[in-house]
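Have the viewer open as you read.

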2 protein chains.
Amino acid sequence: MSISDRKLMILKAIVDDYIMTGTPVGSRTIAKKSDINVSPATIRNEMADLEEEGYLEQPHTSAGRKPSDKAYRLYVDTLMRASSLTNEEISFLKQYMKNKFSDVSNVVETVAETLSELTNLTSVVLVPDAKNKELQRIQIVNLGEHNALVLFVFRDGDVKNFRVKMPKDIDDQYLDNISNWLTDFVKGKTLEVALTDMKELSMDDIDVYQQFGLNLLNMVLNNVESSGSKNIVLGGAKNIFNYPEYQDINEARNFLTLLDTKDALYKVLADNKDLELSIRIGKENDREELKNMSVVTATYRMDNKEIGTFGVIGPTRMDYAKVITILHYISESMDTIFKNEK
Amino acid sequence: MSISDRKLMILKAIVDDYIMTGTPVGSRTIAKKSDINVSPATIRNEMADLEEEGYLEQPHTSAGRKPSDKAYRLYVDTLMRASSLTNEEISFLKQYMKNKFSDVSNVVETVAETLSELTNLTSVVLVPDAKNKELQRIQIVNLGEHNALVLFVFRDGDVKNFRVKMPKDIDDQYLDNISNWLTDFVKGKTLEVALTDMKELSMDDIDVYQQFGLNLLNMVLNNVESSGSKNIVLGGAKNIFNYPEYQDINEARNFLTLLDTKDALYKVLADNKDLELSIRIGKENDREELKNMSVVTATYRMDNKEIGTFGVIGPTRMDYAKVITILHYISESMDTIFKNEK
DNA sequence: GTTAGCACTCGTATATTTAGAGTGCTAACA
DNA sequence: TGTTAGCACTCTAAATATACGAGTGCTAAC
């Protein structure tokens, strides 16, 4: 059963309005605002139909209607304009991002910040899993007094560092030698591959180096794994307060608590890794805690390997068009960093 | 005019109770709870006196009393027990921190997390200013395709890294040479000193290196300075919800907004850098936004140079004794990292 | 098929009442 | 002279009652 064009127009008008205001919208509002020149009574009839078909819901008899998840889905898939941004806004966006990303050491934080500021939502950025990234170099730096710092530099420019204690103070030159040996060995491999490869080395190989390297790699891998659930960065958590429906302290609190259970968020983002753009509306989310939220994520990839997954989380009545546009332009900005300027 | 011992006991009882419950405390409560065996009526008289002297305030006629900032000050200075923790709790603390700090690459985040978890307050940690830290090594790592990563390793194990573009792909060996030259030049100096020193180099010195080094140092310094207000890490922001007096959405919101204006927090922490332990109660804070909060900070130093400043921020009715104890044990744990195990 | 009219519903905002916690004062007591 | 029981008084917070209004669904006319 297909829905008449007028019904769709009405539905779109309702969703648009609800996304703006957050209050159930009545027939009068639609009659006045939209360009469907028809009386409130007529619209009421259509609305009753739309409700029967599951697109609208009524909080209570004397309230207007609000869109259901199903309605948002339809809205996102076919109703909404591709972008709700004007040309000026878009060029502002581009400029803004260019500035943001100009001198960046910590891309992840910048993406999180940019994303939340532009969307006025809470942003979620998945820190790329160090386990699956190619190593570029290992460098041991002597800090003196039996302390050393082991640096793992990855292909993508990420750096992880670990403080280790040495049994005795070791000559800088010797540390460099180990560093070089390790680098030669691991370069181009992921942590995991490097570790298994190293285990297979025959004992004939320079033993001390190997033992040292094994210890290091093991340590790092453990560390990387144990901090698995923390590989997530948030931005703009308090943006949720902008939404009147979160003025209730418990709602707000629950939301902030949800943000703290990074396991859940991690799962969601990790699940969407394969998708260039993922939109999960309300009950479409698997996680119970997210059943009344929407999560929109994008994955940026290069040479068919994902570099990063990032997105926003917020009320189902978020401005999907705007969010999608912004995600798009952030991807593009990352292109600039990782490709053009290379 | 000195205050009688009984008055002090009553005041302490009131503060203790108010810290626990957050609700104004009446004469009955004190009469029952404390070991001052005296009738409510008597306590009322004393309370009236204490109010006159500015130690107590009454939200309204028919409510109990709550401590004033002045009362908290007295409490902190002379009334409270040094530690409200039992021996078991303390050994738990020590164990907890030992675990936390065992395999740490990011000390700052760990301190923030530990602090907020243990105190149930919001923690604030000042990231040590890279400008004034001694450099240990500079290492340039080739990432391929005209990209390179410049690593600045500091004496204390901190690492800052910057992605740079190279005009053309440069031989790894050559990059190592530059790295070594730079390291030799900067080792033991702060960024600022290194920069001025380098400017004074005569042009006879290997010119390319110098130019390259100058550019790098300049870039890093700019970056470090421009991110000045961000040198702060928070933990447990939502702990504020544990306090019933912050159930009001606006209070909570204001608090979270305050946390976002890192300038203010930075100022506060930086101001207290010289003090091993600083307790600012309510109006004692200079900042208007903090006039109804308390900020307790500790500075950890080594060889008379501060390594880190960290503390908590929360309602004036925080459990000062507990907070101080915990700050103390965190300092101690850091000793373990930076000294004993060295 | 569309629309004006109207009775009806129900949530929110406002006013009113009630209950109780705590006080200050007075007068009696040790 | 300091302590205490007794009691009237105050003021908040919770509970209850009232009023308002936005929005609906239905009916009947166009």
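## Contacts with the DNA

In this predicted model, a sugar or linking oxygen of DNA strand D is 3.4 Å from an N or O atom in the side chain of Thr61(B). That pair is a polar contact, meaning a pair of N or O atoms within 3.5 Å; within protein, one must be able to donate a hydrogen and the other to accept it, and residues adjacent in sequence count only if both atoms are side-chain atoms.

| Protein atom | DNA atom | Distance |
|---|---|---|
| Ser27(A), side-chain N or O | phosphate oxygen, DNA strand D | 2.8 Å |
| Thr42(B), polar side-chain atom | phosphate oxygen, DNA strand D | 2.5 Å |
| Ser39(A), polar backbone atom | phosphate oxygen, DNA strand C | 2.9 Å |
| Ser62(A), polar side-chain atom | base oxygen, DNA strand C | 3.2 Å |
| Ala63(B), polar backbone atom | sugar or linking oxygen, DNA strand C | 3.5 Å |

A word on conventions: residues are numbered from 1 along each chain as its sequence is written, while chains are lettered from A and ligands numbered from 1 in the order in which they are written. Local features need pLDDT of at least 70, side-chain atom pairs count only at pLDDT 80 or more, and totals for chains, interfaces and linings use all residues; side-chain values use heavy atoms, with hydrogens and water left out.

Which residues come nearest to DNA strand D? Of the 20 residues around DNA strand D, these are Ser27(A), Arg65(A), Arg6(B), Thr42(B) and Thr61(B); a residue counts as near if one of its heavy atoms lies within 4 Å of the strand. Sugar and phosphate account for 77% of the atoms of DNA strand D within 4 Å of the protein. Helix 3 of chain B gives the most to this surface, with four residues. (Helices are DSSP runs of H or I, at least four residues, and strands are runs of E, at least two, numbered from the N terminus.)

DNA strand C is also surrounded by 20 residues, the closest being Arg6(A), Thr42(A), Thr61(A), Ser27(B) and Arg65(B). Here 78% of the DNA atoms within 4 Å of the protein belong to sugar or phosphate, and the rest to bases. The largest share of the surface near DNA strand C, four residues, comes from helix 3 of chain A.

## How the two chains relate

In chain B, five strands form an open antiparallel sheet in the order 7-3-10-9-8, where two strands pair if DSSP finds at least two bridges between them. Its edge strands are strand 7 (232-235) and strand 8 (277-281), each pairing on one side only. Strand 3 (residues 122-126) and strand 10 (residues 305-315) of chain B are joined by five bridges, and Thr122(B) stands opposite Ile313(B).

In chain A, three strands form an open antiparallel sheet in the order 4-5-6. Eight bridges join strand 4 to strand 5 (residues 147-154) of chain A, with Val153(A) as the bridge partner of Arg137(A).
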